[in-house]
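Hi,

Here is the structure I promised to send over. Have a look at it first, and then read on for my notes.

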Amino acid sequence: AIDIEKLRALTGAITLDPGYKNSGSCKSDITFLDGEEGILRYRGYAIEDLAEKADFLEVSYLVIFGELPTKEQLEQFENDIRKYTLVNEEMKNIIDGFPKTAHPMGVLSSLTSALTAFNPKVVNVENEKEMYEAVCKTMAKFLVIATWTYRKMMGYPLNYYDNTKGYVENFMHLMFELPTGPYKQNQVVIDALDKLFILHADHEQNCSTSTVRIVGSSHAGLFASISAGVSALWGPLHGGANQAVLEMLEDIQKDGGDADKYLAKAKDKDDPFRLMGFGHRVYKNFDPRAKIIKKAADEVLATLGVNDPILQIAKKLEESALVDEYFVSRKLYPNVDFYSGIIYRALGIPTDMFTVLFAIGRLPGWIAQWKEMRVNKEPIGRPRQVYTGHPLRDFVAMDKR
Ligand code: ACO
């Protein structure tokens, strides 16, 4: 085998791979992904089976701890999460400092980082017990603060976790319950959200997960690393795509609803416009999550009786792109975000919150990857570069510039 360190010392050679299109950054036991075949598995279990047969906390346990939980382990996990759902009241002062117009992802990233100040033990995890506590605390508090970003945006009083309800049910309660009357839960909505969270739970070394790992590799704490992951997820080329999809569909509608016109724009190389929700860095055949979600989207829309012109535009775009030479030859298929945005809209979730929902779903993956990196004692992440700037130059005095 070639000793890369020695080779570099001898030759000064650097592997240049912008965007890390073909570079592995770690070994991982968590998620298997085959982009050509459209396969996604968590800990060896097919995503199709997990989405159909398990619930989100069960899958979170699997992703984080490596095995499907027994009934007792799952109950224990859920109870241990409940223990930590109270968020320090002083966090409210931080929320109050944000303008109502602040994007919830920015607020979420800041609040996640701020959790460090109130939970110093989550920074220095020293043994298995502390690791387990850190996992439960993160699962508990992140859900609550994620919904608080919405309550702040709306000017509503902040809600507390209800220990008589399940995790996903609590999401709806925390978001929508008002002091004026109880929020009526809808099982179709809960099931659809549960499925969406499962489908987002991990996706190996994507942009936000790599961010979590690289920040954590300096031994920054779990909250700080996840806060960085939230920021990475926010961008429209990553998690922000689900919001961008809906905004794009709204723009098309305002502009007369002509999907073909926007398809042509996306193909025009002089136009920076891209069809949001199409294409994927690793899936070059189809996104297996998109297949499951498309079915769920159809069920949700039929059950809730939603008749939304925006969704007609989405259908038209999907049908046209699937037979268009430009999209077919570049293997650009609708990705998970194309359909998740559509379901979120049908469930009455405001557009600005779409990426926050992605973050809630991705949380177990971020935790699992951070934990794996720490347990494996991985070295600090420190990519190299190929310098393309000036050679040595003589300093120029101020009066000569
Ligand atoms: N619309 C139009 N053309 C596109 C699109 C698109 N959505 N995506 C890629 N292309 C074209 C590119 O212009 C390029 O064409 P060329 O070969 O003629 O130059 C070719 O397809 C390859 O595109 P790259 O940008 O090189 O592919 P990359 O793997 O780097 O990017 C990405 C993948 C970022 C997802 C891209 O497809 C994209 O921007 N999609 C829209 C945003 C989106 O939906 N993101 C969500 C990703 S899924 C997730 O994060 C869960």
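Let me start with Ala224, which sits in helix 11 (residues 222-234); helices here are DSSP runs of H or I with at least four residues, strands are runs of E with at least two, and both are numbered from the N terminus. Ala224 counts as partly exposed because it has 19 C-beta neighbours inside 10 Å. For that label, a residue is buried with 20 or more other C-beta atoms within 10 Å of its own, exposed with 12 or fewer, and partly exposed in between, the C-beta atoms being placed from the backbone. Apart from neighbours within four places in sequence, Ala224 contacts Ser113, Thr116 and Val215, a contact being two C-beta atoms, placed from the backbone, within 7 Å. Phe286 is 62 residues from Ala224 along the chain, and their C-alpha atoms are 34 Å apart.

Two notes on reading all this. Residue numbers run from 1 along each chain as its sequence is written. Please also keep in mind that this is a predicted model: local features need pLDDT of at least 70, side-chain atom pairs count only at pLDDT 80 or more, and totals for chains, interfaces and linings use all residues.

Now the overall picture. The protein has 18 helices and three strands. Its radius of gyration is 23 Å, close to the 21 Å that the globule rule gives for 401 residues, so the protein is as compact as a globular protein of that length. The radius is taken over C-alpha atoms, and the rule is 2.2 Å times the number of residues to the power 0.38. The C-alpha trace spans about 70 × 55 × 55 Å along its principal axes. Of the 401 residues, 42% are buried. Among contacts with a separation of 6 or more, 76% are between residues 24 or more positions apart.

The largest nonpolar core holds 110 residues, and those with the most contacts inside it are Val59, Leu108, Ile198, Ile293, Ile343, Ala359 and Ile360. Helix 7 (residues 128-154) gives the largest share of this core, 13 residues. By core I mean a set of buried Ala, Val, Leu, Ile, Met, Phe, Trp, Tyr and Cys residues joined through C-beta atoms within 7 Å. Not counting residues up to four places away in sequence, Ile360 touches Leu143, Ala146, Phe171 and Phe197.

The three strands make an open antiparallel sheet in the order 1-2-3, where pairing requires at least two DSSP bridges between two strands. Strand 1 (31-34) and strand 3 (45-46) are the edges, each pairing on one side only. Four bridges join strand 1 to strand 2 (residues 39-42); Leu33 is partnered by Leu40, and Phe32 by Arg41. Four residues separate these two strands in a hairpin, with Gly38 in the turn at a positive phi of about 70 degrees. Leu40 and Tyr42 form the covered face of strand 2, while Ile39 and Arg41 form the uncovered one.

Finally, the ligand: of the 18 residues around it, Ala241, Arg274, Phe278, Gly279 and Arg281 come nearest, a residue being near if its C-beta atom, placed from the backbone, lies within 6 Å. The shell divides into eight nonpolar, six polar and four charged residues. Here Ala, Val, Leu, Ile, Met, Phe, Trp, Tyr, Cys and Pro count as nonpolar, Asp, Glu, Lys and Arg as charged, and the others, Gly among them, as polar.

Best wishes
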